[in-house]
Every structure is written in structure tokens, then in C-alpha cells.
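Okay, thanks everyone, I'll keep this short. Today I'd like to walk through the salt bridges in this one, so let's get it up on the screen.

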Amino acid sequence: MSLIERPRRLRTTQAMRNLVAETTVVPSQLIYPTFIKEGLTEPKPIKGLPGVFQNTEASLLAKVDRAIAAGIGGIMIFGIPAERDELGSAACEPNGILNRAVAAVRKHAGDKLVVVADLCLDEFTSHGHCGVLDDHGNVDNDATLVAYGRMAVELAKAGAHMLGASGMMDGQVGYVRQQLDEAGYTDVSILAYSAKYASAFYGPFRDAVESELDGDRRTYQQDPRNFIESMREVRLDVEQGADIVMVKPALAYLDVIRETAQSVDVPVAAYLVSGEMAMIELAAEQGLIDRERAILEAVASVRRAGANVICTYWALELAEMFYARKTL
Ligand code: PBG
């Protein structure tokens with residue numbers, strides 16, 4: 001046959017496939033999410049997330065060393081306090097677990113990677129919601145903003161380079177930006193969780209932070225059936241000064257990542273969340289799929305969709321695979 005086009009010619013060898021691969025994932029594009037728990041004496045594994053632990057300060061700093069050695073772009077820190085209250089007060093105390101951890105990590109790491117702190121109240125509130133409640137038990141948007149503003153300034157003081165605004169309150173990016181600027185932290189950047197869906201895929205994370213949430217977050221996180229709504233959220237966050245906009249979860253929302261990447265002029269991030277990881281880990285454990293290939297494929301698809309920054313619990317392992325030249 002004389003076929004003019006034979007796309008298979010570019011798939012003949014691994015070297016050929018690597019040569020024409022359109023998507024690469026390098027360690028500097030990865031953010032590694034980590035947990036620290038107040039009062040813990042030994043790192044504690046998290047169900048469904050092999051290799052992910054609730055850390056002590058020492059074990060967290062050891063992860064930071066590994067992340068730096070692996071050339072990972074950033075580390076994200078979630079804090080689990082010993083005590084919670086209605087207002088999530090520990091989030092704003094300089095001595096609170098997250099603020100202390102951020103200070104320790106920043107002191108240890110300097111500027112060798114980007115230190116990102118989660119800016120949200122859910123780990124700190126006794127009811128587990130991402131904000132404070134009004135008299136009727138509803139999450140009070142504007143009162144929550146005030147708390148986020150105070151928390152943001154404390155995290156900046158502790159040394160965070162970047163704050164992950166993950167609460168899905170209206171106006172959070174603009175309000176936090178203003179508070180940071182007024183306190184002199186104009187260089188502290190905001191990673192806006194712009195399109196964050198009310199997802200069932202956060203299951204293992206809720207265990208990881210021992211969430212007390214009874215109910216759901218559907219009055220503030222987005223409805224998974226919606227796409228246009230995400231474009232609105234992304235637009236609002238960019239207008240309010242978001243430095244990076246994020247889509248979360250990732251794998252079930254590749255269309256949202258794609259459209260976001262095409263419509264903004266700031267970097268786009270995506271968060272491969274705990275449940276997405278657990279699905280792959282459990283299927284691999286059962287011998288149903290090839291674990292490494294599935295991880296590489298999942299992460300490549302998020303990159304291909306248009307995310308240039310990826311938050312993933314596999315960050316260290318992906319970096320190791322990168323240096324070992326393991327590719328799809
Ligand atoms: C809330 C927050 C959540 C995650 C990150 N930040 C959970 C939620 O909205 O309940 C989930 C991350 C994951 O599942 O890996 N601050």
C-alpha cells in the first residue's frame with residue numbers, strides 16, 4: 001500500500017516516542033501536600049494513601065529535605081490541631097500548629113522550594129466547616145473572610161511564600177490580598193482554589209485531617225455538574241489578584257482545566273486529590289492495573305489538559321521516576 005501518512009512511524013521505538021512526546025512532567029512543576037499533627041510522637045500512616053503520613057515536625061522536615069533533594073517545586077502544609085473550637089481560633093494563633101510548622105519549614109528550607117500554607121478553617125473548627133457559622137448554622141461568608149484575613153497575615157509572618165486559598169468563600173482572594181498588602185506582605189502570593197468542587201473524592205483527606213464535618217460543603221464548593229460556573233469563579237479570582245488559579249479535583253475535571261488554561265494569563269494548577277490517588281493505589285494493590293504506568297498516565301493527562309502546576313501526593317515518587325527516566 002502506498003499510504004502517505006503513517007502516524008505509526010513516530011511510535012516505533014521508545015526513543016522515537018520520547019522525541020515527539022507533547023507532554024512532560026518535571027519535578028519543579030509539582031507541589032507536594034503534607035500533613036502535620038500537633039502532639040504526635042510518631043508519623044502515622046493515612047488509610048488509602050500509601051506513603052502519606054500525618055507527620056511530626058521532625059518527620060515533616062525530613063520530607064522537606066527529600067523534596068528539596070528531588071527538585072520539587074513546592075511543599076504544601078496542612079495542620080491538624082490538638083483542639084478545635086467553633087471559630088477555628090487556633091488557625092490565627094501564632095503558636096498554632098500550622099503557623100509553627102510553616103515557620104519551621106521555612107527556616108529549614110529557606111527559598112529552596114516554595115512553602116505553601118493552606119488558608120482555610122476546616123482543620124481548626126469543631127464543626128469541620130471551612131468557615132465560621134452564623135446563628136442558623138450556615139457558613140457566614142463575610143465573617144469567614146475576616147478570619148481568613150487574620151490567618152493569612154499570621155501565615156505570612158510565619159514565612160509562607162504562598163497561601164492556598166481553599167475555602168471557596170466569595171471575595172476571599174481580594175480580601176486576603178488586601179489584608180496581606182496592608183500588613184506589608186505584598187510578595188506573598190495567592191494560589192486560588194478557584195474551581196473547587198464539592199467532591200466525593202476528598203474522602204481519604206477528611207480522614208487524614210480527622211475532619212469533624214457532619215454533612216457536606218455544597219453551599220460553598222461547586223456543583224460537579226457545572227462548567228460555566230467555574231469560568232465565573234476563575235474570572236473573579238483573577239480579577240481579585242490571584243497569582244495562580246487552581247482546579248480541584250483534577251482527573252474528573254480535565255475539561256475545566258483545559259478551558260481555564262485557555263482563558264487566563266496566570267499559571268493554572270490542578271490538585272490530584274486523595275480519592276483520585278486512592279482509586280489508583282487500591283486498583284493496583286488488587287493487581288488490576290500497573291501502578292507506575294497508571295500514575296504516569298494520570299499525571300500526564302492533567303498536564304496535557306493544561307495545568308502547569310500539579311499538587312500531588314505522588315510528587316516525591318514522580319520525581320524519582322523522572323530521574324530514573326521512567327516514562328510512559
Ligand atoms: C479544605 C481542603 C480539602 C482538600 C484540600 N483542602 C477538603 C475539603 O474541601 O473537604 C482535599 C484534598 C484531597 O482530597 O486530597 N481545606
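Quick one to start: is arginine 235 exposed, partly exposed or buried? Keep in mind that this is a predicted model. Arginine 235 comes out as partly exposed, at a relative accessible area of 41%. Its partner is glutamate 239, and their side chains form a salt bridge at 3.3 Å, N to O. Both sit in helix H7, which covers residues 228–239, and they're four residues apart, so about one turn of the helix. Glutamate 239 is exposed, with 56% relative accessible area.

That's one of 15 salt bridges in the structure.

Now, how about a pair from further along the chain? Glutamate 292 and lysine 326 meet through their side chains in a salt bridge, again 3.3 Å from N to O. Glutamate 292 belongs to helix H10 (residues 291–305), while lysine 326 is in the segment after helix H11 (315–323), so this pair ties together parts 34 residues apart in sequence. Glutamate 292 is partly exposed at 28% relative accessibility, and lysine 326 is partly exposed too, at 39%.

There's also a network: Arg177, Asp181 and Asp243 are joined by salt bridges that share partners.

Last pair. The side chains of arginine 218 and aspartate 216 make a salt bridge at 3.0 Å, N to O. Arginine 218 has 63% relative accessibility, so it counts as exposed, whereas aspartate 216 is partly exposed, at 35%.

Okay, that's my tour. Over to you for questions.

Note on methods. Residues are numbered from 1 along each chain as its sequence is written. This is a predicted model: local features need pLDDT of at least 70, side-chain atom pairs count only at pLDDT 80 or more; totals for chains, interfaces and linings use all residues. Side-chain values use heavy atoms; hydrogens and water are left out. A salt bridge is a side-chain nitrogen of Lys or Arg within 4 Å of a carboxyl oxygen of Asp or Glu. Buried means under 20% relative accessible area, exposed over 50%, partly exposed in between (1.4 Å probe, protein chains only). Helices (H or I, at least four residues) and strands (E, at least two) are DSSP runs, numbered from the N terminus.
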